[in-house]
Amino acid sequence: PSPSRTKSKMAASTILAAIAEDMGKFYDLSDGGLENITLLFSDIAQAPVPLPTVLELLGITEDEARAAGPGLKATKPMLEAAITKSIEEDDTPDQYVKVFKQHILRLSNANKVMSEVGESLKALHASVDGDLGKIEAFFCDLAPEPHTGKPMPPGMINALIRVGPDATTCPVEAFLDCMCRNLDPNDTSEHLIPNIKKHTA
């Protein structure tokens with residue numbers, strides 16, 4: 001093996017030892033979801049990593065991904081193998097630890113907030129029959145200053161919720177998933193509840 005390959009392997013073993021516990025926490029919180037794993041790799045690379053690259057790192061073929069559909073999940077050994085492959089010889093444990101801690105914080109807060117407001121969000125969705133215009137108004141009120149309450153550009157709500165460009169309503173699962181994806185570590189249910197009440201018809 002080349003000297004640089006040996007250095008990469010040494011870096012990988014040091015980094016994997018440093019992040020073992022955090023990788024376990026991240027995996028449990030993300031449930032092996034491809035979206036969260038893709039965001040993780042993009043932060044590690046400090047640039048957007050396309051889904052086909054992530055699938056390749058995980059050892060999932062495009063046919064397997066197509067067959068599994070939106071519910072596609074990676075196993076914990078797949079994640080560990082993918083991280084190992086992505087480590088370069090001059091990478092440091094700190095780089096990886098920092099990214100994992102950020103993602104654990106975001107996911108644990110999102111899970112906590114969604115457990116507190118999930119039922120209220122379902123009630124909001126039901127009360128407006130999943131109308132995207134009314135859901136957009138709710139999201140606009142959650143936007144930080146100076147964007148609070150201002151309408152989104154045309155088509156943006158469809159892209160955010162991940163429904164077709166011609167859709168005028170969305171399923172409740174898509175609405176809840178969108179909320180969960182977009183919660184920041186500093187978002188709280190106390191901040192969300194007044195807006196949920198305001199927009200529940």
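The model is a predicted one. The protein contains 10 helices and zero strands, so its pattern along the sequence is α-α-α-α-α-α-α-α-α-α. Its C-alpha trace spans about 65 × 35 × 30 Å along the principal axes. The protein has 201 residues, and 40% of them count as buried. Its exposed surface comes to about 11400 Å², of which carbon and sulfur atoms supply 57%. Among the contacts with a separation of 6 or more, 71% are between residues 24 or more positions apart.

Helix α2 covers residues 34-45 and helix α5 covers residues 76-86. Their axes come within 12 Å and cross at roughly 20°. Angles under 35 degrees count as roughly parallel, and α2 and α5 are therefore roughly parallel to each other. The crossing in which α2 passes α5 is right-handed. On the α2 side, the contact is made by Ile37, Leu40, Phe41 and Ile44; on the α5 side, Leu79, Ala82, Ile83 and Ser86 take part. By class, the residues of this contact are seven nonpolar and one polar, with no charged residue.

The other pair joins helix α6, residues 93-127, to helix α9, residues 172-181. Here the axes are 9 Å apart and the packing angle is about 145°. The crossing of α6 and α9 is right-handed. From α6, the contact draws on Arg106, Ala110, Asn111, Met114, Gly118, Leu121, Lys122, Leu124 and His125. From α9, the residues involved are Val172, Phe175, Leu176, Met179, Cys180 and Arg181. The contact of α6 with α9 divides into nine nonpolar, three polar and three charged residues.

Helix α9 can also be looked at for burial. Which residues of α9 are buried? They are Ala174, Phe175, Leu176, Cys178 and Met179. Of these, Phe175, Leu176 and Met179 are also named in the contact with α6. What covers the buried residues of α9 includes α6. The cover also includes α7 (132-142), α8 (156-161) and α10 (189-199).

Key: Residues are numbered from 1 along each chain as its sequence is written. This is a predicted model: local features need pLDDT of at least 70, side-chain atom pairs count only at pLDDT 80 or more; totals for chains, interfaces and linings use all residues. Side-chain values use heavy atoms; hydrogens and water are left out. Axes are lines fitted to C-alpha atoms, for helices over the stretch in contact, and angles run from 0 to 180 degrees between N-to-C directions. Helices (H or I, at least four residues) and strands (E, at least two) are DSSP runs, numbered from the N terminus. Angles under 35 degrees count as roughly parallel, over 145 as roughly antiparallel, 65 to 115 as roughly perpendicular and the rest as oblique. A crossing is left-handed if the near helix is turned anticlockwise from the far one by less than a right angle, and right-handed if clockwise. Contact means heavy atoms within 4.5 Å. Ala, Val, Leu, Ile, Met, Phe, Trp, Tyr, Cys and Pro count as nonpolar, Asp, Glu, Lys and Arg as charged, and the others, Gly among them, as polar. Buried means under 20% relative accessible area, exposed over 50%, partly exposed in between (1.4 Å probe, protein chains only). Accessible areas come from the Shrake-Rupley method with a 1.4 Å probe; for residues, only the protein chains shown count as cover.
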